[in-house]
Amino acid sequence: MAYNILEIRDVCKAYGEHKALDHVSLNVEQGSVFGLLGPNGAGKTTLLRIINSILVHDSGSVLIDGLEAALGKTSHLLGYMPEERGLYPKMRVEEQILFFGQLKGRDKASLVKRMNEYTDIFQISRQDRHRKVEELSKGNQQKVQIISTIVHDPKLIILDEPFSGFDPINGQLLSDLIERLHEHEATIILSSHNMPAVEDMASHVALVNHGRLLINGQLDDIKESNKPGTLELVTASELAIPTALASGAIADLQAVQPRDKRRGFHYLLRPAAGRRNNEVLDSIAMQSDILYFAESLPSLADLFIKFVADSESKAAPADYQTLTTESNNAI
């Protein structure tokens with residue numbers, strides 16, 4: 001039965017007069033993929049460092065697998081890859097990976113097994129495994145950093161900008177690895193500006209700005225509650241917009257650039273008040289075959305831009321309001 005492997009309760013952290021975190025509360029369910037988002041300077045890195053006991057919060061609490069977060073107490077449960085990478089350039093790849101795994105208390109035999117598995121997945125050759133880290137490409141150094149983070153089989157994996165420096169092929173390898181870890185019930189927190197990747201993998205998201213939560217909940221529910229009330233339409237031939245509007249079933253219809261690779265002519269439309277979708281379709285079908293018709297939902301990037309922009313327009317941080325989809329900030 002799923003439970004909250006991470007519980008953050010009313011955490012505050014200030015640097016002088018600056019509030020890096022202002023009463024942040026959220027839960028991360030065991031076995032989930034969780035997206036932690038925010039613009040630069042929003043407070044994400046401070047929060048991640050507190051979870052990993054690198055920083056001490058001023059107030060509140062952080063529980064990991066039911067234990068108060070503390071070095072030597074919960075560090076073996078965590079795998080943390082910070083945005084500022086921390087490899088030893090003169091150390092050989094295999095020695096590096098085993099070193100970090102042994103720091104977490106795992107025996108060498110189990111670490112070697114996992115290391116072999118992950119280096120194969122990431123297509124790191126046997127020859128490269130015996131090289132010094134500084135002799136590798138930046139992409140392969142990134143792979144070594146990720147493997148060093150997960151080689152000890154942590155329950156909670158935190159990856160800060162893991163796609164940075166990866167080309168599309170290596171990015172897909174990482175996505176496949178995250179999916180594999182998820183299938184084996186690891187909990188993964190992704191902090192990234194790669195919105196399509198987070199949207200593709202995360203079921204839950206939190207958005208932070210100026211140290212406060214703006215969004216916190218299931219991604220599908222957040223999209224649903226922020227849908228614009230428009231419909232996406234793709235037709236085989238171009239529509240005569242005045243004719244379509246004259247039917248009375250459509251209040252607004254405008255051509256748009258395609259958001260995907262689907263062929264045809266793309267439109268956004270808003271049904272007239274009280275009109276059903278079937279009536280809208282009938283009025284369109286008089287002009288052209290309908291290739292695609294669906295309710296328009298915002299992308300994760302759309303949500304990010306909207307809520308960050310709204311928060312920036314507030315007169316003071318105290319005016320911010322958090323969007324939650326479940327009570328008690330539970331995810």
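Trainee: How many aromatic pairs does the model contain, and what is the rule for a pair?

Mentor: Two rings pair if their centres lie within 6.5 Å. By this rule, the predicted structure has 4 aromatic pairs. One of them joins Tyr 88 and Phe 99, whose ring centres are 6.0 Å apart. Their planes stand at 80°, so the pair is edge-to-face, the cut-off for that class being over 60 degrees.

Trainee: Where in the chain do Tyr 88 and Phe 99 lie?

Mentor: Tyr 88 belongs to the loop between β6 (78–81) and α2 (93–103), whereas Phe 99 is in helix α2. The pair links distant parts of the chain, 11 residues apart.

Trainee: Which class, stacked or edge-to-face, applies to Tyr 88 and Phe 100?

Mentor: The centres of these two rings are 6.1 Å apart and the planes meet at 20°, so the pair is stacked. Since Tyr 88 lies in the loop between β6 and α2 and Phe 100 in helix α2, the contact ties together parts that are 12 residues apart in sequence. Tyr 88, Phe 99 and Phe 100 form one aromatic cluster.

Trainee: What is the accessibility of Tyr 88 and of Phe 99?

Mentor: Partly exposed covers the range between the buried limit, under 20%, and the exposed limit, over 50%. Tyr 88 is partly exposed, with a relative accessible area of 43%. Phe 99 is also partly exposed, at 31% relative accessibility.

Trainee: Where do charged ends sit over rings?

Mentor: The charged end of Arg 262 is placed over the ring of Tyr 292, 3.7 Å from its centre. That of Lys 306 sits over the ring of Phe 307, at 4.3 Å from the ring centre.

Trainee: What is the strand order in the open sheet of 4 strands?

Mentor: The order is β12-β13-β11-β14, with antiparallel pairing. An edge strand pairs on one side only; here these are β12 (250–255) and β14 (290–295). From one strand to the next, the twist averages 20°. Strand β11 (residues 231–235) pairs with β14 over 5 bridges, and Thr 235 has Ile 290 in β14 as its bridge partner.

Trainee: Which helix packs on the sheet?

Mentor: Helix α10 (residues 277–285) does, touching β11, β12, β13 (265–271) and β14. Its direction makes about 155° with that of β14.

Trainee: Which residues touch the most other members of the largest nonpolar core?

Mentor: That core has 48 residues, and Phe 122, Ile 178, Leu 181, Ile 188 and Leu 207 touch the most other members. Leaving aside residues up to four places away in sequence, Ile 188 touches several residues, including Phe 34, Ile 157, Leu 159 and His 182. A second, separate core of 27 residues includes Ile 8, Ala 69, Ile 189 and Leu 213.

Trainee: Is Ala 244 buried or exposed, and what does it touch?

Mentor: Ala 244, in helix α9 (residues 241–246), counts as buried at 1% relative accessibility. Not counting residues up to four places away in sequence, Ala 244 touches Ile 250, Leu 253, Ile 284 and Gln 287. Between Ala 244 and Phe 293, 49 residues apart in sequence, the C-alpha to C-alpha distance is 15 Å.

Conventions:
Residues numbered from 1 in each chain as written. Predicted model: local features only at pLDDT ≥ 70, side-chain atom pairs only at ≥ 80, totals over all residues. Heavy atoms only, no water. Phe/Tyr/Trp six-rings, centres within 6.5 Å; stacked < 30°, edge-to-face > 60°. Helix = DSSP H or I, 4+ residues; strand = E, 2+ residues; numbered from the N terminus. Buried < 20%, exposed > 50% of the residue type's maximum accessible area, 1.4 Å probe, protein only. Lys NZ or Arg CZ within 6 Å of the ring centre and 35° of its normal. Pairing = 2+ DSSP bridges. Axes fitted to C-alpha atoms, helices over the stretch in contact; angles between N-to-C directions. Contact = heavy atoms within 4.5 Å. Core = buried A, V, L, I, M, F, W, Y, C linked by side-chain atoms within 4.5 Å.
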